[in-house]
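Let's walk through a few features together, one question at a time.

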Amino acid sequence: MSAEHDQALEKDVGPAAPIAAGPTIAAVGPNGAPNVIMGENGISRFDYGPLSHVNTKEAVLRPFGGEFQPGLYKSVETRKLANPAPLGLSAFALTTFVLSCINMGARDITSPNIVVALAFGYGGLVQLLAGMWEMAVGNTFGATALSSYGGFWLAFAIVLTPGGFNIEQALITADGDSPDMFYNSFGLFLLGWFIFTTILLFCTLRSTVAFFLLFFFLDLTFLLLGIGYIQRDASGAPNPPVIKAGGFFGLMAAFAAWYNALAGIADSSNSFFIIPVAHFPWSPTGRTRRQKTERETA
């Protein structure tokens, strides 16, 4: 396996920054290719792979869903903070997974009340905290997305808390004991989140395929669920086929979120493999790979 191919399997990194003066130690990686382990002025994170050739104190890294970064960004390597993105992604994924299974009619479950606990505790509170920690590491996109979706799950739980905030029953009573006003209101609520997710989707077009697909599936989920509540069936209930379609794309979004979370967690310190995330040809990594290396032109 060539050094170039080995780099392709690793996480996104930018072009190697100039290495500050200091001793360097030559080493041989697991594929037999020589690696450079930087000295005290440029300590690398790993002893093999592309990060062995990058001074993470200075380099600008490329888009990576595991860091919830859709554009070029500075590494958090020199900060005393862990990467909060996998936590937020996992909180979003599990809550979305359970709700989407219910929307698809799994095990004949018709009420989403079990999701209220997850929406308050994991998808809401934990994801909101992850968003705040993204703010601390300087990730504007991650802070906006994770905090917002944490707020979504908290709002979702508030609406559906049985006998708590009484929002659903108040709307039904106001409409003469008809659920139409509640369904229309909830549909508008979901369509608003569709608009917000579309905005975030545009920001992932230059990142990785795995990162883009997360927001693409989520966008379709909000759109279909919103339509399902507004365009009801003949009996006046939320349109079952549309709701099930929304549940299907919700499952896809949940698995995409888990995939990106695993990509952010797995590295050479804890895993025998690195998760491939695939790159768009117009992304920074895709453009770099199209350029011939010095070895190829020699």
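Q: Is Tyr229 buried or exposed?
A: Tyr229 is buried, at 18% relative accessible area (buried is under 20%, exposed over 50%, partly exposed in between, with a 1.4 Å probe and protein chains only). Keep in mind that this is a predicted model, where local features need pLDDT of at least 70, side-chain atom pairs need 80 or more, and totals for chains, interfaces and linings use all residues. Residues are numbered from 1 along each chain as its sequence is written, and side-chain values use heavy atoms, leaving out hydrogens and water.

Q: How do I read an aromatic pair, and which class do Phe186 and Tyr229 fall in?
A: You describe a ring pair by the distance of the centres and the angle of the planes. Searching the whole structure turns up 28 aromatic pairs (Phe, Tyr or six-membered Trp rings, centres within 6.5 Å; planes under 30 degrees apart are stacked, over 60 edge-to-face, the rest tilted). For Phe186 and Tyr229 the centres are 4.9 Å apart and the planes at 75°, so that's edge-to-face. Phe186 sits in helix H6 and Tyr229 in helix H7 (residues 209–230), so the pair ties together parts 43 residues apart in sequence (helices are DSSP runs of H or I, at least four residues, numbered from the N terminus). Phe186 is buried too, at 6%.

Q: What about phi: what is the value for Arg107?
A: Most residues other than glycine have a negative phi. Arg107 has a positive one, near 55°. Its place is the loop between helix H2 (85–103) and helix H3 (113–136), and Arg107 counts as exposed at 78% relative accessibility.

Conventions:
Helix = DSSP H or I, 4+ residues; strand = E, 2+ residues; numbered from the N terminus.
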